[in-house]
Structures are given as C-alpha cells and as structure tokens.
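Q: I'm new to this one, could you walk me through it slowly?

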Amino acid sequence: MSSIEMGAAIVDALVGVGVRDVVLAPGSRSAPLALAVDRAAADHRVRLHVRIDERVAGFTALGLAKAGQQPVAVVTTSGTAVANLAPAAMEARASGVPLVLITADRPAHLVGTGANQVADQVGAFGASALGVVRLSSESGDAAAWAAGVHRAVTLASGKLSGEPGPVQLNVEFAPPLVGPLPAAVQRVLDVHAESGPTQPHVLEHPARTVVLAGDATPQVGAEARALAELTRSPLLAEPSSNARAGECAIAAYREVLAELAPEIERVVVFGHPTLSRPVVSLLSRDDVELVVVTDRATWPDPGHRATLVARAVEIPTQDDGWLDRWQRADVRRSNGPQQFIADEVVSCAGPDTNLVFGSSSIIRAADLSPVAPRPPLVYANRGVAGIDGTVSTAVGIGLATGRPTTVLLGDLTAQHDLGGWVKPTLEPWPDLRVVVADDDGGSIFHGLEQGAPEFDGSFERVFGTPQGLDLVAVASALGWTAVRVQDRGGLVKALSSDADFVVVSVPRG
Ligand SMILES: Cc1ncc(C[n+]2csc(CCOP(=O)(O)OP(=O)(O)O)c2C)c(N)n1
C-alpha cells in the first residue's frame, strides 16, 4: 500500500465520520493529504481552507470548530510546521474545542539520522493533546488507516468521553508522495454516544450473532450475559469477562469456533478480548458485522473492522437452532498440563470471592474450564497483559473488596512480583491465597512460533528461562503457610486446607 492510498483513505475517513472543514498548510510530506483533500473539496465532500502559516491554520481551525461545534482537521507538513500548531492546541485543550491535528511525518527510521526536515514530532503537543494516533504508509491497510482516523476524530469530539479537545494524528508517508488517486471510498463508523442501558441503539436486521465478552468489570460482564440470554445468542466469554456464566456461555468456544465461526454474521463485543488467535481472526473478518459496546472513550477493534460503537444495543432474538448447535458442539478437545489447576480453582472459588488471574498460560487454560454455576468475581491485568505486579494487584483487590481473594498465576509471573509476597507488618493484609502453576519457566512460548524445533538450541535460555527456585521455601520464609502438591487430588486437598500459598508442580508444555 502506498502513501497516495493512505492520504486518500484518511480523507475518505474524515468525510465518513462527519468532518466538514479541513484547513491545510502547504508542504511536501503532506502532499498525499493535500491532493486527496483538494479532490474531496472539488467533489463538495469537505470545505477546504488553505493558509501558508501553520499557526494561522491552527487558529482558523480553532475558530471553525469553536463556532461550528464539530471536529475540524488541520493538516501540516513535517518538522517545525508541526510546532506551529501548539498555541491553537493549547487553547483548544483549555477550552474543549475538537481539533484533529494531522501532522505529516517522515518514516520513523529517519528520526535522528540528519535527514532533511525530520524531527521527533510524535507527542509534540504534550499535555495539550488528549491523545496521539499514529499511522504509517508502511504498515496497515486502508481499513486500518480509516480506523485510526475514526479513533482520532471520536476522541477529539469528546463524544464518548465528554471531554472534547485536540488530538494529534501523526501520519508517516514514505515515497512516492504523489500519483494517481484511488477512487474515493465511503467508510462509515457509527458512534452512538447517546445510547445507553435505558435507550439502547436498535439493530433491526437479523444476523447470526455471537456475543463476545473480553476482560470486563462485573457490571459490563453482566450486561454481556444479559444480552446473550435475552436474545438466545451464544456467549463467548473470557475468564475475566465476568460474563462466563449461565446457559448461553460456551465453555470451549475457542475450540468450537473452528467449526462454527464461518457461519457467524455479527459479533457484539463487550470488554477487551485478548486471549486467543481464533477470536483475533474472527474480529479481523471483513464479512462479519462488528458491533462494539463500550462506555469508554476508546474501544477495542484490533482488526479495524468495527462499524458501530454504542453504549448499549438491542439485537433481534436468534433462531432456536443457533444456540443449540453451539451448546451441542461445546466439548473440550485439548487438555494441557495446567488445565486441571484452572478447572479446580475456578470450581472451588465461591460467588462471594475474588479470583485474580495472572497472564500467560493459566488464564488461557481457564478459558476452556467448565462454566461455574456460581462464579466468583474475576479480575486480570489484561490491559497490556504484563506478568508483573500480579500478586500486588490481588492484594489491592482483596483490600478494596474485603472478600476472600485467590490469585492463580504461573511461576515466573509469581517470581516477577516477589516484592509483593512480603506482608508488611504494620499494614492491613487481605484474606489472600496464592496458587502457583509451577512448571519452572514460561510454558506459553512452547505454543508460539519460537517453540518450533529449529529453536530448540536457544529455547531454554532465552524463552523458557527456568529459575529453579524453591517457591515453597521462599514463601515459607516470608511467613506464608506454603505447600507443594503434585496432582489434582493434592490440589483439591490443599484448597480446602489452611494453606495460603499452594504451589502445584506441573510439567512444562
Ligand atoms: C512484564 C512482562 N515481562 C515479560 C512478558 C513476556 N512474557 C509473557 S508470558 C511470560 C512467561 C510467563 O511464565 P509463567 O508465569 O511461568 O507462566 P507460563 O508461561 O508457564 O504459563 C513472559 C516472560 C510480559 N508479558 N510481561
């Protein structure tokens, strides 16, 4: 894909999301945008205003947006041109005026090389900008670039956040910068900020639908479950979705997708799904209508396919046979070494307790565990899925809720937060139990590309990273009642004992 295509896609997306005015200052790097916006103006799809001084351009855009009460885009070339938008950005932030600051850039590999008119301009507006969206002609496609524009304009509009202001859209263009423009494409994203639980956005046309619930708060999880049950839709719920309950929840959905995904026509997403590749491919399909339900100002759409973002939706009830087929296909096929640990801990956690998952294999095992009849409240740091701070997070959750809390995590994840095992003597401490799936190293990597036999020679040292630590000895030294168990029977016994630190030995793989 080329810079010319990216320039055209950006302008098409601006038009599609409702931007009516674009202010442009001339330059070379921004040429793909200049040509595309000139065509859009000639076609009466936008009003174009050209100013030679970027500071003038910025304030002109500010005036247009202030009085028009709609997001306005202002386009500059790379280098100091960008910095000239700073005064207007500062004013726009303070007075809540929606501006999209489109700053053309050179490819990132040129920053710091002495190449002409290159500065490190990402984040140039500092605290004035509500956010930065970055695009490059060297990665992504027209759908991805349009999705970036939709995010930038929605964020600037304050539609979902209630906080309008300036957003930087930094776009790297690699040569060639000019050429014949592709045909204009209408790319529409509906953002329904006015919808909500009492006034959902109504989708009338029938489509074979699944409700997909990623990591979410208990409230959002309950909404996902309620929508699935009301409409008899299969519910594909990750362990920390707080929706993995009830008869619509398909426990082994990740595996069932292999059979039934081709028939899905609409996905309604709640929360932040991150756990499995079958879900990522579902969310990337262009023959699936992707509806995102969110109460946040940003929304998950890694495949750049969302067509509707709303705070709540109403969808038609599904044909009887659809849910039935998912339920009949809901049979787990795989059984990895950590599976029994996830199954037992999930089934033992009562409804008035918290269950906190570490990242890596264990939460993916729980993603195949049977649906618990009365599940606990579930938490996980899935924002960026780090293996750091998991015990400490669980301590915070236990303290905030006052409920008994179990944290289930891998051995490296546990060791990463060794400082979090220390119980401060003068501080309140929650009712907390730690359960470690101990396979002495990172098993997740065995299932990824680096687990292939050709990397065997390097695997243990740079991916597996076994530490050989006696976790029970360390935990005991820190005052925990720690035990090691070797199998399911031992785990069941330990979970009904007083032990607050349970290490389960499992083979890696
Ligand atoms: C802070 C941080 N560092 C590194 C990673 C990369 N990473 C992901 S999983 C993993 C290994 C986790 O091992 P373990 O906790 O034993 O779980 P297992 O893979 O065995 O299930 C690492 C290093 C990360 N996600 N977060």
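What follows is a chat about the domains, the ligand and the pockets.

Q: What kind of model is this?
A: This is a predicted model.

Q: OK, and which domains is the protein divided into?
A: There is domain 1, covering residues 3-178, then domain 2, covering 201-329, and then domain 3, covering 339-505. Taken over C-alpha atoms, the centres of domain 1 and domain 3 are separated by 45 Å.

Q: Let's go to the ligand: which residues come nearest?
A: The ligand has 18 residues around it, and those that come nearest are Ser360, Ser361, Thr413, Gly441 and Ser443. By class, this shell has ten polar residues, five nonpolar ones and three charged ones.

Q: Which helix gives the most to that shell?
A: That is helix 14, made of residues 411-416, which contributes four residues to the shell around the ligand.

Q: How much of the ligand's area does the protein bury?
A: The ligand taken alone exposes 590 Å², and 76% of that is buried by the protein.

Q: Switching to pockets, where does the largest pocket lie, and why?
A: The largest pocket lies between domain 2 (201-329) and domain 3 (339-505), because both of them give residues to its lining. Its volume is about 650 Å³.

Q: What lines the largest pocket?
A: The lining of the largest pocket has 26 residues, and Arg254, Ser361, Arg364, Ile444 and Gly447 lie nearest the centre. Helix 8 (253-260), helix 9 (277-283) and helix 12 (361-366) each supply at least two residues of that lining, and by class the lining of the largest pocket divides into twelve polar, nine nonpolar and five charged residues.

Q: What about the second largest pocket, how much space is in there?
A: The second largest pocket holds about 560 Å³ of space, and 27 residues line it, with Asp215, Gly271, His272, Thr294 and Arg296 lying nearest its centre. The elements that give two or more residues to this lining are helix 7 (218-231) and strand 16 (377-380).

Q: Which domains does that lining draw on?
A: Domain 2 (201-329) and domain 3 (339-505) each provide at least three residues of the lining of the second largest pocket, which divides into twelve nonpolar, eight charged and seven polar residues.

Methods:
Residues numbered from 1 in each chain as written. Predicted model: local features only at pLDDT ≥ 70, side-chain atom pairs only at ≥ 80, totals over all residues. Heavy atoms only, no water. Domains from an automatic or database assignment. Near = heavy atom within 4 Å. Areas by Shrake-Rupley, 256 points an atom, 1.4 Å probe, with all protein chains shown as cover. Nonpolar A, V, L, I, M, F, W, Y, C, P; charged D, E, K, R; others polar. 1 Å grid on protein atoms, 1.4 Å probe; cavity = no way out; pocket = protein on both sides within 12 Å on 5 of 7 lines; lining within 4 Å. Points joined across faces, edges and corners; volume = space filled by probe spheres on them.
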